[in-house]
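Here is a short briefing on a predicted model. Look at the structure first, then read the points below.

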Amino acid sequence: MAAGPVSTGKGGVQTAWVLNLLTDLAFNLLIFFVVCASISPDKGRPQQVPSASKDKATEQKNQNIEVAITRTKVSVNEADVPTAELRDKLAGLLANKTRPEDRIVVVKSEKDTPYSQWIRVTGIIEQVGGVITLQLEEEREVGVK
Amino acid sequence: MRFKRRKIEIVPPYVAMADIAFNLVLFFIMMAKTQDDSHIQWEPAKDKAAVTKQIDNAKVSISVDRDNKVYLNGLQLGLRELADKVTLELGDLPPADRTVLLKIHKDTLAATFEPIMEAVSQAGGEVVHVIDDEQ
């Protein structure tokens, strides 16, 4: 399988390519291109998650749409909405709002809400043009004397 | 009867060595390009008609597997240390390069994934959820 000088028997040395070496090289190139093609880049859904501002929280509390997600149901402004009707409900609430600050949707999740449910609901919110803001429970350390 | 002794020249197989060198190059390319997160077992969430975009060379990847373990670039760590580590990884990168991939198992609960998103937001990263298109 090695290639190298091959004696022709007449005193002169000729270097000859062996056919199976070319096959080997072609196979290596094939593997190289398969590896490059198989390392596919990741793709995903980008999401802007602005951090909550404590100063504005109470001021905008009554103005923003609130969506609460649990394991089994979704509620909009404290009213339960079936998942099938969620898109239309949110589209109606966001209909006349053109400014980004008016399209803020505060998303609150129960601790046992699965990620798949969260992705589905937030996907619907983004599709109707809502700007998602997460409402998270704050943890504080309190010293007890 | 006298037989002539043929002189056998021993020549290194140069072309085969080039083959081996090429294989080594391939090996190092593969090791350099991929992050070692093949051991993390997770299933992406599905979303209908999700608008996804291709992410090239994200510097930071946070994964949550089916056992609720959190990994940053393939290394396991706790939720409390996540914000600092992400800040360290992102450093002074420009806004366009501060993408953080979230590869979260579909059954992970909000108690786990919400602090992760908060940590990324605190570190100034841009969250990208790696999900499957539901068909």
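Read along the sequence, chain A runs β-β-α-β-α-β-β-β-α-β-α-β. That gives four helices and eight strands. Helices (H or I, at least four residues) and strands (E, at least two) are DSSP runs, numbered from the N terminus. This is a predicted model: local features need pLDDT of at least 70, side-chain atom pairs count only at pLDDT 80 or more, and totals for chains, interfaces and linings use all residues. Residues are numbered from 1 along each chain as its sequence is written, and chains are lettered from A and ligands numbered from 1 in the order in which they are written.

**Sheet within chain A**
- Five strands form an open sheet in the order β6-β5-β4-β7-β8 of chain A, with mixed pairing. Strands pair if DSSP finds at least two bridges between them.
- Its edge strands, β6 (79-81) and β8 (131-135) of chain A, each pair on one side only.
- From one strand to the next, the twist averages 30°.
- Strands β4 (residues 65-69) and β5 (residues 74-76) of chain A pair in the antiparallel sense over three bridges.
- A:V67 has A:V76 in β5(A) as its bridge partner.

**Helix on the sheet**
- Helix α4 (residues 115-127) of chain A lies across β4, β5, β7 (104-109) and β8 of chain A.
- This helix runs at about 160° to β4(A). Axes are lines fitted to C-alpha atoms, for helices over the stretch in contact (C-beta atoms, placed from the backbone, within 7 Å). Angles run from 0 to 180 degrees between N-to-C directions.

**Sheet with strands of both chains**
- Seven strands form an open sheet with mixed pairing, in the order β2(B)-β3(A)-β7(B)-β6(B)-β3(B)-β4(B)-β5(B).
- Its edge strands are β2 (53-55) and β5 (75-76) of chain B.

Definitions and conventions: Contact = placed C-beta atoms within 7 Å.
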